Amino acid sequence: MSEQNIQQERAERPYTESSVIMTTVRIVAPFVFTYGLFVMFHGASSSGGGFQGGAIVAAMVLMLAFAFGIEPTQRWFKNTAIVLLATGGVLAFLFIGIGPLLLDGTFLEYSAYGFKKAPKYGIEGVELGIGAIVASVISGLFFAIARGFEYTEGQQ
Amino acid sequence: MITLLEAALLGFVLVSAIATIILRDVLAAIVAFGAYSLGLAMLWLTLQAPDVALTEAAIGAGVTTILFILTLTKTVRPTDDSVFTPINWPAAGVAVLFAGALLWTVPAIPAIGDPSAPAWSDPEVTQFYLESAYEQTGVENVVTAVLAAYRGFDTFGEAVVVFAAGVAVLVVIREERFT
């Protein structure tokens, strides 16, 4: 079959919204999001942590895009928010780490903060930062790939 | 010895891996690959590595599958009716040789729970983490305590690597003005 025929056949099968997928995602998405946050916050007491929780939250964004279309999802989760989350995560981790240096501690020495259970809150903060980085980078890559890209010779 | 459950999961992983290779329709191969990741995640659970299992399920079975499907929508599907793809024998030979070289190293891996395993080569460090993690950091999951407190500097590097990877991809696909 020629290239043209393949293209033609593709055009005849457009992406259609499936009510089964939409209903399922509508019900499941809030639970997935909550579970992602749980894995992030509860990583201190059970399995999980920022990397896993962030991946689960990103999976929810991808799931929404899968069910309701990429553009409506992108209108809700803008690139500005993605960049703010990713840089915010790195900066949060960095500042939590630098904080003890100002209080006569070493880098990431949580107990230098002095308040009760400081290491635990420090770890939770760091995990949340990691979760923000992972979730936003994965969603950002997804949207970037979805938008597609053209490369032409000599492009500026 | 491996239990019946582990043997069944191993068989499932093997079958879905082979299905990923030989299926002609790329969409079917992607679905088989997702099943492979899910089987692997369950296998991690039986090996008592829930943290790894969570990552495998979320990234391997979830995110990767969707990214593959997204990429697939930008390509064309084969139109003939054959179920399996023809095998490229030279490539298969290289793959078998590579897998053989990897399998050759398997006997060197210590058995599960082997007291002479390298993880226990410095029992004082391991014992120190296990004994004082809760007291010093107040978190019950020792994995998290090591990750975010004792080896927090490494984890900071890891988080920055994820960030840098995202930036690098945007630069490669010329989306520098991402906002």
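Predicted model: local features only at pLDDT ≥ 70, side-chain atom pairs only at ≥ 80, totals over all residues.
Chain B consists of 7 helices and 0 strands, and 50 residues of chain A contact 41 residues of chain B.

**Helix H3 of chain B**
- H3(B) carries a kink of about 30°, centred on B:Thr64.

**Overall form of chain B**
- In sequence order, chain B follows the pattern α-α-α-α-α-α-α.
- Because its radius of gyration is 21 Å, well over the 16 Å that the globule rule gives for 179 residues, chain B is more spread out than a compact globule.
- The C-alpha trace of chain B spans about 65 × 55 × 25 Å along its principal axes.
- Buried residues make up 21% of the 179 residues of chain B.
- Among contacts in chain B with a separation of 6 or more, 43% come from residues 24 or more positions apart.

**Contact between chains A and B**
- The contact involves 50 residues of chain A and 41 residues of chain B.
- On the side of chain A that touches chain B, the elements giving two or more residues are helices H1 (3–12), H3 (50–68), H5 (79–102) and H6 (118–147) of chain A.
- H6(A) gives the most to this side, with 17 residues.
- By class, the side of chain A that touches chain B comprises 32 nonpolar, 13 polar and 5 charged residues.

How values were computed:
Residues numbered from 1 in each chain as written. Chains lettered and ligands numbered in written order. Bend = angle between axes of the 7 residues up to and from the residue. Helix = DSSP H or I, 4+ residues; strand = E, 2+ residues; numbered from the N terminus. Contact = placed C-beta atoms within 7 Å. Nonpolar A, V, L, I, M, F, W, Y, C, P; charged D, E, K, R; others polar. Rg over C-alpha atoms; globule rule 2.2 N^0.38 Å. Buried ≥ 20, exposed ≤ 12 C-beta atoms within 10 Å, placed from the backbone.
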